[in-house]
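Hi,

Here is the structure I promised to pass on. My notes follow below it.

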Amino acid sequence: MATAHTLTRSAARRFALVAGLAALALGATAAQAAQKTVSNCSVDGTGGGNVVSHLSQNGWQAIPGMSRTLNNTGTVAKSAYITFSADAGVDADAELRLAFSLDNGAPFYAGPQNLGNQQQYWAARSAVAVISVPPGSHTIKAMWLVNGVAGKNGFMDDRCMLVTF
């Protein structure tokens, strides 16, 4: 036979207080875990039909299709974690550099800078970066530079940028 338990008024208040504190604690944890992820990919799956190129003499350029706008609804800056990957190649005696731009500002390094050096074949290249994003709506662009003498060329085929904030 089941027994019914009744709480005294004092015990009920303590229970409500503990339950409320637990809910607040869980709410804080859930809010922290409620990160947003935005992604942008330029993938056609043809193995070469999506190629972009960039010459060393052209300086820093936005990587086509690799920008994301995000909205930091908080009142303080938040860290944005960026994962960038691409099938890429570069001419001999040159390297691909990766940086990011916030709201069309100057490119800045926020993680590994050298996305790739010349090798016999193109390779899947990836890098992770962390930037501070102030409150409000902001656009992050992936930027690339072919570091080498004039005429050196860099190439990218399928590419993705994932931003978690």
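Helices (H or I, at least four residues) and strands (E, at least two) are DSSP runs, numbered from the N terminus. This is a predicted model, where local features need pLDDT of at least 70 and side-chain atom pairs count only at pLDDT 80 or more, while totals for chains, interfaces and linings use all residues. Residues are numbered from 1 along each chain as its sequence is written, and side-chain values use heavy atoms, with hydrogens and water left out.

Let's begin with His-54, in strand S2 (residues 52–55). His-54 is buried because its relative accessibility is 3% (buried is under 20% relative accessible area, exposed over 50%, partly exposed in between, with a 1.4 Å probe and protein chains only). Its contacts (heavy atoms within 4.5 Å), not counting residues up to four places away in sequence, include Trp-144, Leu-145 and Lys-152.

Next, the sheet. Four strands make an open, antiparallel sheet in the order S3-S8-S5-S6; strands count as paired if DSSP finds at least two bridges between them. At the edges are S3 (61–72) and S6 (114–117), each pairing on one side only. Inside it, S5 (residues 95–102) and S8 (residues 136–147) run antiparallel and are joined by eight bridges. Arg-97 sits opposite Leu-145 in S8, and Leu-145 also touches His-54.

Finally, two loop residues. Asp-93, between strand S4 (78–90) and S5, has a positive phi near 60° and is exposed because its relative accessible area is 70%. Asp-103, in the loop between S5 and S6, has a positive phi near 55°; at 39% relative accessibility, Asp-103 is partly exposed.

Cheers
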